[in-house]
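Here is a short report on one protein chain. Look at the structure first, then read on.

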Amino acid sequence: MGRLVVLYLRLVGARLPDRLGPLRGGTFAYLGVAVGLSIIAVFGSAGGLVWGTVVFAVGTFLLYPIILALALTGVPDDERASVIGV
């Protein structure tokens with residue numbers, strides 16, 4: 001379920017992390033991850049697990065592109081591949 005949500009959001013909202021920017025997008029990403037995990041922890045029912053997974057997946061969708069953008073800020077072009085690999 002979570003993989004499908006992330007895949008759908010990557011296809012539909014590919015430019016959203018760029019529009020939000022690293023600071024605001026990172027805030028929303030970590031909030032989504034934290035709220036999703038909290039929903040999963042508090043509501044042990046099937047519905048709680050589904051909604052928690054969806055919220056967690058939205059946070060994950062935003063998190064990885066923003067972390068990469070922050071990691072590459074100020075890095076020379078010839079070292080970018082090494083930074084991404086690490």
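## Overview

Of the chain's 86 residues, 30% count as buried. Buried means under 20% relative accessible area, exposed means over 50%, and partly exposed lies in between (1.4 Å probe, protein chains only). This is a predicted model, in which local features need pLDDT of at least 70 and side-chain atom pairs count only at pLDDT 80 or more, while totals for chains, interfaces and linings use all residues. Residues are numbered from 1 along each chain as its sequence is written, and side-chain values use heavy atoms, with hydrogens and water left out.

The chain has 5 helices and 0 strands. From the N terminus on, its elements run α-α-α-α-α. Helices (H or I, at least four residues) and strands (E, at least two) are DSSP runs, numbered from the N terminus. The C-alpha trace spans about 50 × 25 × 25 Å along its principal axes.

Helix H1 covers residues 2-12. Which residues of H1 are buried? They are Gly-2, Val-5, Val-6 and Leu-9. These residues cover an arc of only 95° around the axis, so they sit on the same side of H1. The arc is that of the directions from the helix axis to the C-beta atoms.

Val-12 counts as exposed because its relative accessibility is 56%. Leu-7, Tyr-8, Leu-11 and Val-12 make a nonpolar surface patch of about 470 Å². Patches are made of residues with over 30% relative accessible area and no salt bridge; like charges are joined within 9 Å, and nonpolar side chains (Val, Leu, Ile, Met, Phe, Trp, Tyr) within 5 Å.

## The core and H4

What covers the buried residues of H1 includes H4. The largest nonpolar core has 11 residues in all, including Val-5, Leu-9, Val-54, Phe-61 and Ile-66. The elements that give two or more residues to this core are H1 and H4. H4 gives the most, with 6 residues. A nonpolar core is a set of buried Ala, Val, Leu, Ile, Met, Phe, Trp, Tyr and Cys residues joined through side-chain atoms within 4.5 Å.

Helix H4 covers residues 46-72, and Thr-60 is found there. Is Thr-60 buried or exposed? Thr-60 counts as buried because its relative accessibility is 15%. Neighbours within four places in sequence aside, Thr-60 is in contact (heavy atoms within 4.5 Å) with Arg-10 and Val-33. Leu-62 is one of the core residues. Leaving aside neighbours within four places in sequence, Leu-62 is in contact with Leu-16, Pro-17, Leu-20, Gly-25, Phe-28 and Ala-29.

## One salt bridge

How many salt bridges does a search of the whole structure find? It finds 1. A salt bridge is a side-chain nitrogen of Lys or Arg within 4 Å of a carboxyl oxygen of Asp or Glu. Arg-80 forms a salt bridge with Asp-77, and their closest N and O atoms are 3.4 Å apart. Arg-80 is partly exposed, with a relative accessible area of 34%. Asp-77 counts as exposed because its relative accessibility is 65%.

Terms used
Areas by Shrake-Rupley, 256 points an atom, 1.4 Å probe, with all protein chains shown as cover.
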